[in-house]
Amino acid sequence: MQYLLLISADEDLAVTRMRDGAFASFDTWIADLEQRGVLRAHVGLHESATATTVRLRDGEVLLTDGPFAEGREQVGGLAVVDCTDLDEAVAIAAAHPAAAFGQVEVRPVRVS
Amino acid sequence: MTDDVERALADTFAQDWGRLVATLIRLTGDWDLAEECTQDAFAAALRTWRRDGIPDVPRAWLTTTARNRAVDRIRRERVGAEKVRSLVVQTDELDLDVMDSGIADDRLRLLFTCCHPALSLSSRVELALRTLCGLTTAEVARLFAVSEATMAKRLVRTKHKIAVAGIPYQVPSAARLPERTPAVLAVLYLMFTEGYAATAGPHLVRVDLCHEAIDLARALAALVPDDPEVAGVLALMLLQHARASARTDVDGVLVPLEEQDRAAWDRAAIDAGLAQLRRAVRRERVGPYQLQALIAACHATAPTSADTDWVRIVSLYDELVAVLPSAAVQVNRAVAIGMARGPQAGLDALDGTPDHPLRHAVRADLLRRLGRADEAASAYREALTRTANQAERAYLERRLRA
């Protein structure tokens with residue numbers, strides 16, 4: 001089964017934590033998943049202030065400066081993992097460095 | 001003959017419903033299909049057993065019938081030849097020995113899946129009561145004070161999440177057992193307490209639920225023998241359930257602990273409970289279930305009501321309230337204080353407790369013992385508005401008339 005890991009945290013806190021060495025444990029996390037062959041995709045994102053939110057209303061494209069959801073907690077990265085079950089996906093999510101100060105939402109990927 | 005068949009079916013339902021559904025889920029991987037085919041098998045049994053007699057091993061007959069029914073259904077719905085083949089292969093190995101050795105596993109598998117931490121606590125309990133204990137959706141709905149339609153939707157949502165999110169149908173690995181066991185204990189104990197004091201209905205005790213919970217706790221204790229809280233839960237259930245037959249009188253009216261006929265308590269169950277409790281406390285990691293079992297043991301070992309060691313019970317409640325400050329624990333602590341230090345002290349302790357269905361009945365009892373009859377009467381009336389259990393209501397009404 002494939003799961004999307006939606007990694008989010010307080011952005012200011014994330015910057016501090018990454019500077020203070022969370023980068024190293026992040027590399028370990030990625031390396032382990034790659035070695036196990038379970039990582040299908042992974043992207044890290046620029047901070048939410050760089051986001052543009054797009055809506056189409058009455059045929060008109062409306063742009064908003066910033067993420068669709070306001071707030072301190074913002075998505076900072078996405079990963080897709082291929083696991084046998086939710087337990088394995090949860091273990092992977094718990095090992096992500098951001099789980100220690102933010103959160104990881106685990107969502108099953110719809111198979112068409 | 002008819003009565004025999006109905007009785008045999010009712011017994012098998014109470015004992016084996018959870019096992020049957022658990023096995024069918026393992027074989028089919030489909031929760032709804034498993035429940036429906038188990039239901040169908042019971043319906044078929046009513047007809048066939050009346051005609052052909054009750055089979056030697058009713059559970060085996062029902063498992064085979066439910067499995068055949070599942071094969072038929074899957075074939076008819078053209079889910080695919082592959083699934084049918086794997087079902088047939090798996091069930092060919094289903095002789096009685098294999099069934100008996102695998103069945104405890106199936107039930108634990110179902111229990112751990114229902115109690116997965118990715119489900120909310122109420123979802124876990126609802127699903128366990130419906131799937132494992134065979135309560136109807138209407139009964140589960142009544143327990144949670146929602147309509148049957150709402151509960152049906154909630155159960156569908158929970159089963160949908162299990163299927164779609166890939167919650168595994170298995171007993172967790174030994175490494176994960178310690179983190180997964182507390183959720184299972186919580187559900188088992190809720191199951192037991194619902195059996196011990198049914199929220200609604202004509203009977204105070206739903207023996208089938210108590211037995212199921214005790215049985216599952218035994219299976220769990222065999223799986224995790226080193227967890228003192230598992231032994232604690234089992235001890236607590238055994239000690240509480242030992243009093244079952246003394247807790248109502250011939251008219252089905254609740255009899256309070258101090259007035260119960262202690263000779264009617266189940267001595268064998270008490271001894272078994274005390275043995276579990278000794279095993280548990282030896283490990284010196286005392287948790288809330290062991291504390292409650294220690295309190296139950298004080299009652300179970302007191303030769304008469306007057307011999308009850310209320311001072312020790314109060315000190316156990318003090319320890320319990322520190323780790324489990326629930327409304328029920330606080331109210332029961334006030335009861336103990338009322339017995340140890342007199343009704344006024346009990347009333348003072350009750351003053352600071354949060355609202356709980358039992359609170360008014362306790363207050364009424366303490367006021368009665370203080371001779372404040374008018375206030376007691378109004379508290380008994382208030383208590384009556386808080387329970388739908390007929391045995392409890394009859395007791396409160398009797399007090400009100402006295």
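# Briefing: chains A and B

Asp58(A) is exposed, at 87% relative accessible area (exposed means over 50%, buried under 20% and partly exposed in between, with a 1.4 Å probe and protein chains only). This is a predicted model: local features need pLDDT of at least 70, side-chain atom pairs count only at pLDDT 80 or more, and totals for chains, interfaces and linings use all residues. Residues are numbered from 1 along each chain as its sequence is written, chains are lettered from A and ligands numbered from 1 in the order in which they are written, and side-chain values use heavy atoms, with hydrogens and water left out.

**Chain A: fold and extent**

- Chain A has two helices and six strands (DSSP runs numbered from the N terminus: helices are H or I with at least four residues, strands are E with at least two).
- Along the sequence, the order in chain A is β-α-β-β-β-β-α-β.
- The C-alpha atoms of chain A fill a box of roughly 45 × 40 × 20 Å along the principal axes.
- Of the 112 residues in chain A, 32% are buried.
- Take the contacts in chain A between residues at least 6 apart in sequence: 75% join residues at least 24 apart (contact means heavy atoms within 4.5 Å).

- Most residues other than glycine have a negative phi.
- Asp58(A) is not a glycine, yet has a positive phi of about 50°.
- Asp58(A) sits in the loop between β3 (52-57) and β4 (60-65) of chain A.
- Glu284(B) also has a positive phi, of about 55°, and is not a glycine.
- Glu284(B) sits in the loop between α12 (267-281) and α13 of chain B.
- Glu284(B) is exposed, with a relative accessible area of 70%.

**Chain B: two domains**

- The domain assignment of chain B gives domain 1 (172-308) and domain 2 (317-402); such bounds come from an automatic or database domain assignment.
- The C-alpha centres of domain 1 and domain 2 of chain B lie 22 Å apart.
- In chain B, 21 residues of domain 1 are in contact with 15 residues of domain 2.
- The area buried between domain 1 and domain 2 of chain B is about 1400 Å², with 62% from carbon and sulfur atoms (buried area is the accessible area, 1.4 Å probe, that two parts lose on being put together, summed over both).
- The rule finds two salt bridges across the interface of domain 1 and domain 2 of chain B (a side-chain nitrogen of Lys or Arg within 4 Å of a carboxyl oxygen of Asp or Glu).
- Arg398(B) and Asp249(B) meet in a salt bridge through their side chains, at 3.3 Å from N to O.
- Three residue pairs, both at pLDDT 80 or more, are in polar contact across the interface of domain 1 and domain 2 of chain B (a pair of N or O atoms within 3.5 Å; within protein, one must be able to donate a hydrogen and the other to accept it, and residues adjacent in sequence count only if both atoms are side-chain atoms).
- On the side of domain 1 of chain B that touches domain 2 of chain B, β1 (200-201) and α13 (288-301) of chain B each supply at least two residues.
- α13(B) gives the most to that side, with four residues.
- By class, that side of domain 1 of chain B has eleven nonpolar, six polar and four charged residues (Ala, Val, Leu, Ile, Met, Phe, Trp, Tyr, Cys and Pro count as nonpolar, Asp, Glu, Lys and Arg as charged, and the others, Gly among them, as polar).

**Chain B against chain A**

- Ten residues from chain B and seven residues from chain A make up the contact.
- Chain B and chain A bury about 660 Å² between them, and 55% of it is on carbon and sulfur atoms.
- The rule finds two salt bridges across the interface of chain B and chain A.
- Arg176(B) forms a salt bridge with Asp87(A), with the closest N and O atoms 3.9 Å apart.
- Three residue pairs, both at pLDDT 80 or more, are in polar contact between chain B and chain A.
- The side of chain B that touches chain A divides into five nonpolar, three polar and two charged residues.

**Buried sites in chain B**

- His241(B) lies in helix α11 (residues 228-241) of chain B.
- His241(B) counts as buried, at 15% relative accessibility.
- The side chains of His241(B) and His211(B) make a polar contact at 3.3 Å.
- Ala376(B) lies in helix α18 (residues 373-384) of chain B.
- Ala376(B) counts as buried, at 4% relative accessibility.
- Leaving aside neighbours within four places in sequence, Ala376(B) is in contact with Ala364(B), Leu367(B) and Arg368(B).
- Ala376(B) and Tyr317(B) are 59 residues apart in sequence and 25 Å apart in space, C-alpha to C-alpha.
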